[in-house]
Amino acid sequence: MKILIAGNGKVGITLTRHLSAEGYDLTLIDLRPQVLETCMESFDVMGIAGNCASMDTLREAGVNEADLLIAMTGYDELNLLCCMTAHFMNPKLHTIARIKNPEYASQFMSMRQAFALSMIVNPDFMAAREINRLLKYPGFLKRDTFARGNVEIVELKINEDSKLSGLVLHRLGQVFRCQILVCAVLRNGEVVIPSGNFTLSSGDRIFVTGSQENLTILLHGLGVIPHPAKRVLIAGGSRISNYLATILLKTNMSVHIIESDEKRCRELSALLPNATVVHGDASDQNLLNREGLSNCDAFVTMTGVDEANIIMSLYGSHCKVPQIITKLGRAENMQLLSSLPIGSIISPRELCCNAIVRYVRAMQNLVGAAVTVHSVADGQAEAIEFIADENTPHCNEPLKTLKFKKNVLLAGITRKGRTEIPSGDSRYQIGDSLVVVSAGEVIIRQLGDIFEL
Amino acid sequence: MNYKMLSRINGEILLMEAVFMIPPLIISLHDGEHKAATAFFYTIGITILVALLLIAISRRAHRRFYAREGLVSTAICWIVMSLLGCLPFCISGEIPNFVDAFFEIVSGFTTTGASIVPNVEVLSRGILFWRSFSHWVGGMGVLVFLLAIVPTSGRDSGFTLHILRAESPGPSVGKIVPKMKETAKILYILYVILTVANIGFLMAGGMPVFDSFCTAFGTAGTGGFGVKADSIAGYSPYLQNVTTVFMILFGVNFSCYYLLILKKFTAVLFDEELHMYLGIILGSVLLITWNLHGFYPTIEETLRHSFFQVGSIITTTGYATTDFDKWPSFSKAILLALMVIGASAGSTGGGLKCARFLLLMKGLHRNIRHVLNPQRVQLVRVNGHTVDEQVITNTNSYLAAYMVIIIVSTLILSLDEFSFETNFSAVLCTFNNIGPGFGLVGPTGNFSQYSSLSKLIICFNMLAGRLEIFPMLALCSRSTWKRL
């Protein structure tokens with residue numbers, strides 16, 4: 001499939017990395033030849049220098065043979081113009097535009113129709129929605145769903161006093177009396193796909209699959225009683241904060257926003273009449289204490305400076321705030337930071353890229369192609385959902401007779417809305433939805449790829 | 001430096017080389033040339049063994065691969081490939097001296113066509129085929145071939161661009177389609193189609209099958225090893241003309257052919273490099289024909305010989321239909337200029353390349369205007385696009401490196417006490433991958449009289465010329481091998 005990416009900023013490059021790893025034909029368009037040069041040296045892509053909304057540039061980039069255009073420049077209007085021009089030149093083209101301005105956020109549906117866009121992405125809004133999801137179910141660092149919400153994959157960190165510490169995995173079901181599976185463990189920055197004899201230890205970050213009910217049982221068993229956050233303190237008044245506060249206020253939560261720019265405070269105050277907007281430096285610990293940091297249920301750090309966010313989150317965890325969420329602009333640092341107690345990490349860039357990668361995979365829609373993909377363990381592993389069909393090998397054979405590739409695990413079988421955690425005697429049938437977790441260099445495009453040849 | 005990746009690439013290249021030696025092995029077996037057959041048999045064995053060893057020690061190579069690694073691995077691959085490729089000559093005893101054999105195969109792979117064999121007709125057919133086939137293999141580049149066939153797994157595969165850049169000729173090498181593998185495939189498919197067409201035309205003209213294959217390989221790679229002592233002179237005028245046309249075709253930038261397939265005719269029609277390349281050929285032919293007035297009995301013969309020699313020299317092939325060393329000085333001077341200019345970028349030919357020459361001329365023109373009118377803002381434009389200043393700087397420094405290598409090599413070769421014309425043209429015609437020069441190394445002579453030191457210097461020149469200097473210089477640079 002031929003994909004054009006217009007605009008090679010931070011998101012554009014992250015997207016290029018994801019999509020080129022999946023083996024698509026990528027052509028990048030950017031005004032700056034130097035940026036294109038760097039990209040071509042790192043990825044197997046072609047670069048065209050020029051204005052992405054000009055017909056000549058688009059023609060040179062091969063818009064007539066392309067299947068998808070992703071406009072990721074820093075300007076909403078340019079992205080729109082680029083998509084419209086390209087669509088005019090090639091009516092069969094799918095187009096995705098990034099629109100950042102919150103004023104346009106309410107008119108996405110109409111804009112999609114009016115400008116024939118296939119998809120509009122707004123990384124800030126995605127981040128706000130994701131944070132909201134996490135706030136609704138505290139206890140997990142990260143949550144992703146599969147099979148229409150029937151299977152979830154969640155991330156947990158094992159503390160020293162946790163019941164999980166020192167537990168051998170095959171006893172997990174007995175101890176907690178629930179059907180769950182640990183599908184990946186991140187220990188010292190290395191991802192492991194564990195077997196039944198694997199022993200958990202404190203400091204591990206584990207990725208668990210199961211249905212929502214079973215995962216709630218696990219949380220109860222761990223002594224973490226999930227009650228949704230009521231009082232949320234937000235540091236930084238960025239666009240994400242605005243979106244997040246809007247969502248949270250709808251569910252009657254109490255929201256405090258601390259912002260250092262007075263003008264922005266006034267804007268926010270006008271936009272969010274029900275929120276408490278405080279003018280001040282959020283990295284000032286006195287101010288945080290005064291605003292009741294130790295009494296709030298959740299602390300979300302969202303200033304534009306990653307380092308400040310990390311420091312504030314550390315302080316929040318020092319004050320024993322139950323739930324902490326840290327926004328990071330540069331997701332590359334995730335692996336380094338996973339050992340710090342800074343709670344869940346949200347990267348708008350990664351969220352946006354994942355959404356687009358999912359769209360691309362759905363577009364390709366090969367027989368047996370993946371339905372949903374989530375990257376887990378800081379991108380070192382992937383959880384992929386497939387639907388078993390006529391071409392899937394080994395249907396109705398017990399799993400213990402099959403030979404799986406190394407570092408690949410079948411983490412869930414969902415049949416007619418019921419999720420089963422696979423054991424040696426499990427089998428899958430045509431129509432079942434399967435969740436596969438793979439780590440390392442293994443690239444899985446079809447269900448057949450998980451088996452040893 | 002990523003040594004493991006370096007050894008993996010070398011291993012893969014050697015495996016391919018072993019496969020490339022199978023056709024000459026079959027020919028030797030078919031003709032009952034036992035010595036040559038055993039030589040190929042042993043060489044294939046040794047090559048596979050070395051290749052497997054290299055691949056074995058390169059397990060778990062990480063993929064950190066940058067411009068430095070690209071340059072160095074290209075240079076090393078070509079040397080290693082030549083070291084093993086010359087074994088059939090040694091083992092069969094047909095070129096017993098190792099330095100001579102190495103010279104011969106480097107000359108083959110770099111598509112130079114300079115030989116140390118006084119009379120090629122005494123060589124066995126398997127060996128002759130391997131010599132010519134090495135031109136074909138080296139013409140488009142072995143690493144490019146490797147890129148076309150090996151699966152590049154998803155992550156961090158941008159490194160392939162460094163390899164393409166290091167091995168393909170031209171001032172600004174880019175891909176023609178987004179995927180490197182597809183780009184390499186397209187280049188090789190075009191190469192194969194043109195080669196097959198060439199073989200077909202030669203066979204239609206009554207050339208023996210073996211000769212047509214070897215001649216076509218030499219033409220396609222713009223190499224110049226012939227299977228006859230008098231190069232192409234003994235063949236009919238038709239065959240000479242076919243070879244002229246195909247030499248010129250192989251000297252054209254291959255992306256022009258791809259644009260033709262895409263039906264982008266205007267882009268090809270108005271390509272400035274193509275204009276320059278064809279213009280230089282036409283101008284030189286006319287001048288030489290005028291200068292050769294009365295040298296040959298008929299106008300037809302004069303025209304045919306001048307066309308052939310001009311095509312052969314500008315594309316850096318090095319076939320000859322006549323002993324152009326006996327031509328008048330003016331014609332020889334034109335040929336000398338053509339040696340330096342060379343073929344188009346992105347072709348199989350060598351030399352400075354028309355594209356670079358065009359940039360140099362335009363840059364010079366700009367600088368003259370700049371001296372006269374310092375405040376005028378001027379950009380260099382080629383094909384309607386502004387050329388990046390970095391490309392112009394690189395072209396200038398390329399010319400500087402080019403001059404330095406020529407001067408130093410001529411100095412060293414002069415120790416052997418041959419005439420200046422011989423030494424200078426020997427350097428020029430090997431550095432530009434042509435083959436025959438003037439004087440003792442002219443179309444009827446050969447390089448066997450040089451000392452071993454000179455031969456090795458010439459080998460370096462041939463490799464530097466084929467790989468466009470920088471990979472070989474990178475190999476010699478101390479900063480390449482520093483850890484930090």
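Visitor: What makes strand E20 (residues 408-415) of chain A and E21(A) a pair?
Guide: In this predicted model, three bridges join E20(A) to E21(A), and the two run antiparallel; because pairing requires at least two bridges between strands, the three found here qualify E20(A) and E21(A) as paired.

Visitor: Which residue is the bridge partner of Ile413(A) in E21(A)?
Guide: The partner of Ile413(A) is Glu420(A).

Visitor: Where do these strands stand in the sheet, and why are E18 (372-376) and E21 (418-420) of chain A said to be at the edges?
Guide: The open sheet of chain A has five strands with antiparallel pairing, in the order E18-E19-E22-E20-E21. Strands E18(A) and E21(A) each have a single partner strand, so one side of each lacks a neighbour in the sheet, and this places both at the edges. From one strand to the next, the twist averages 20 degrees.

Visitor: How many residues does each chain bring to the contact between chain A and chain B?
Guide: Chain A brings 16 residues and chain B brings 14, where a contact requires C-beta atoms, placed from the backbone, to lie within 7 Å. On the side of chain B that touches chain A, helix H9 (residues 159-167) of chain B gives the most, with three residues, and the residues of that side comprise six polar, four charged and four nonpolar.

Visitor: What confidence does the predictor assign to chain A, and where is it lowest and highest?
Guide: The pLDDT of chain A averages 85, with 97% of the residues scoring at least 70. Confidence is lowest in helix H14 (residues 334-337) of chain A, at a mean of 71, and highest in strand E4 (residues 68-71) of chain A, at 95.

Technical notes
Residues are numbered from 1 along each chain as its sequence is written. Chains are lettered from A and ligands numbered from 1 in the order in which they are written. This is a predicted model: local features need pLDDT of at least 70, side-chain atom pairs count only at pLDDT 80 or more; totals for chains, interfaces and linings use all residues. Helices (H or I, at least four residues) and strands (E, at least two) are DSSP runs, numbered from the N terminus. Axes are lines fitted to C-alpha atoms, for helices over the stretch in contact, and angles run from 0 to 180 degrees between N-to-C directions. Two residues are in contact if their C-beta atoms, placed from the backbone, lie within 7 Å. Ala, Val, Leu, Ile, Met, Phe, Trp, Tyr, Cys and Pro count as nonpolar, Asp, Glu, Lys and Arg as charged, and the others, Gly among them, as polar. pLDDT is the predictor's confidence in each residue, from 0 to 100.
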